[in-house]
Amino acid sequence: MENSEGVKIESTVVTEEPLISALDIALFVVIITVAYFWYFKRDKQSSSSEKKPYTIQPSSLSSIEQTSNSSFIKKLKSTGRSLVVFYGSQTGTAEEFAGRIAKEGARYKMKGMVADPEECDMADLVEMKEIQKSLAIFCIATYGEGDPTDNAMDCSEWLQNGDADLEGLNYAVFGLGNKTYEHYNEIAIYIDQRLEELGATRVHEIGLGDDDANIEDDFVSWKEKLWESVCSHYGIEETGEESNIRQYKLVDCSEVLPERIFSGEISRLKSYENQRFPFDVKNPYLSKIAVNRELHKSGDRSCMHIEFDIDGSKMRYDTGDHVAVYPKNSSELVDKIGELLNADLDAVFSLLNTDEESSKKHPFPCPCTYRTALTYYLDITSNPRTHIMKELIEYASDPKDQEKLKLMASSTPEGKKEFHEWILRDNRNIVHILEDLPSVKPDLDHLCELLPRLQCRYYSISSSPKVYPKSIHITAVLVNYTTPTNRVNKGVATNLLAQLIPTNDELPQPTIPIYIRRSQFRLPPKSQTPIIMIGPGTGLAPFRGFIQERDYARKEGREIGEMVLYFGCRKKDEDFIYENELQEYVANGTLTKLHLAFSRDQPEKKYVTHLLEQNADELWNIIGEKSGHLYVCGDARSMAKDVHSIIVKVVMEKGQMTNSQALNYVKKMEQQKRYSADVWS
């Protein structure tokens, strides 16, 4: 019935109304209109895109510029260059070396440029062969536990994970390392070998610089032989032109508005007035000094316990991390430079890179005053390198001063000896050089170009965030010493910190810029795992945090493993730091054993290494039978090496292994993060 009604209705419509209703016509018009606009608008956009290949919207401008800037090949080709020098730098030395190589390239008809691998697309290396007589040089530092520097991380990963065909690429590598560390120049060695594996041609053998000895001498010696190899490889000759070409030009900024002038900020203008999270190497947090107290009980040395207030900063740290502190030079030294050069330190200036293609427009935040540059941005207390001696020659009016500078700038045996004795052994900084060579009067802007950047100082954090979530503690020895020329040299950071004493009144508290650097120096994931900690002197710092964290876990009712601490200092009644705290942890059971060595409290010197040798059974019980963790913090040059030798010996004797088996066992411990070192030289 329904079907017959349906047919009837349909029949009625056909016979009684038009074939298409008004509603149908309206819908049809709408559909046609939409289709028309969609089709013709698309066609118009298509034709427009044919005329303009790229349409840059404001939101995508920065990313497109970044892509363009990352192509170092385009820069090389567009500027007629054939030499690119990449640097992996944590403290600025590798970057400085890279700049010196690029500058010298002109003497060999190889126009060069310096490149930060973090800002480059390293895949462009495959196109280097398209540039005639091209060369890529890598100045690479090894950092931490055999890690690449922050800015070389992506480059290292690209080489490790990629399989690019680098045939036709000519290269050379210079590494910056320290022989007191186990992973000596590991990253440079890896990059050198990996480039060869990918088909590249090594123009000159790898150079390995040792910062524990004389890395400047290592670099200069390698560089001289490098250019000999380059001349031989490409069939070119040195032009012989010795010219001190300025990398930056002076710009007078006396008319710049005060609010546009940098006053010590690391990167962003007014960053200390308008603090923004997250805080890092380029954006440090201006922290108040909450506590600054003396730890030594007597004697002529000083060790400070300092607490940085991070309440409200959103900064988080883990036990074992480091805190970076940005220091400033003493006003006394800064004023001395102004006096020696008869310069107006309050003049506002800028240094602008003469290479328009360089991504580094200024050597430090500009514009600023000379006083600001010398106080916050430039290292005026370290020993200048030989290239600075060379650049100072033209400013010496006395022939004797000229000859002395020429000698120290040379690579002759006599020159190297003079530089080592007069600069390194006598520990002269730029202020001392200007004092002792009175006819040397460099232009202050040129001196600012030559001096390296003032670097932040890293300290092991000596607190646990579980116990102190709103503050960061450090333990720092005040650095003061007399040089062979009877001058008193002072540590830049520690002497500044010593002056930052918080007050009890309502006056503004002293502040200093800091940021947190992550570390691999970590407690075992399980609180039950037994550990041995070896930390003489301020090497105790991270272990104070370890003990606090385990003590916190114990108070929460969790089971904690054995904690054995080896600590040493000179005299118990003089420099036994945190004595009361440590004794309390022993009393409440958090610290299982506390082995103490006071080196000067008896006729014969006694060190923590002596105690380790005496306690071989305890050592093997924890690291061998119980698979515990071992930690070392302190001096890398002797203490850490001695500890390593003792551990290998204990593993041999107590584990009944051969020397090679024991070495492999300790190596496996390191790979498993069961043997960790936080050391310095």
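This is a predicted model: local features need pLDDT of at least 70, side-chain atom pairs count only at pLDDT 80 or more; totals for chains, interfaces and linings use all residues.
View 1. Strand S9 covers residues 285–294, and strand S18 covers residues 511–517. S9 and S18 run antiparallel, joined by 4 bridges. Strands pair if DSSP finds at least two bridges between them. Strands (E, at least two residues) and helices (H or I, at least four) are DSSP runs, numbered from the N terminus.

**View 2. Strand S9 against strand S10.** S9 also has bridges to S10. 6 bridges join these strands, which run antiparallel. Ile289 has Phe308 as its bridge partner in S10. Arg293 stands opposite His305 in S10.

**View 3. Strand S10 and its cover.** S10 spans residues 303–309. Of its 7 residues, 6 are buried, and the strand is mostly covered. Buried means under 20% relative accessible area, exposed over 50%, and partly exposed in between (1.4 Å probe, protein chains only).

**View 4. Phe308 of S10 and strand S15.** S15 runs over residues 471–477. S10 and S15 pair in the antiparallel sense over 7 bridges. Phe308 stands opposite Ile472 in S15. Phe308 is also the bridge partner of Ile289.

**View 5. The whole chain.** The secondary structure comes to 23 helices and 23 strands. Buried residues make up 48% of the 681 residues. The chain exposes about 34800 Å² (Shrake-Rupley method, 1.4 Å probe). Carbon and sulfur atoms supply 50% of this area. Contact means heavy atoms within 4.5 Å. Of the contacts with a separation of 6 or more, 75% are between residues 24 or more positions apart.

**View 6. Confidence along the chain.** pLDDT is the predictor's confidence in each residue, from 0 to 100. The chain has a mean pLDDT of 89, and 89% of its residues reach 70 or more. Over residues 1–20 the pLDDT is below 50. Beyond near neighbours in sequence, residues 1–20 have 2 contacts in the model. Over residues 36–68 the pLDDT is below 50 as well. That stretch has 2 contacts beyond near neighbours in sequence.

**Notes to all views.** Residues are numbered from 1 along each chain as its sequence is written, and side-chain values use heavy atoms, with hydrogens and water left out. Local features need pLDDT of at least 70, side-chain atom pairs count only at pLDDT 80 or more, and totals for chains, interfaces and linings use all residues.
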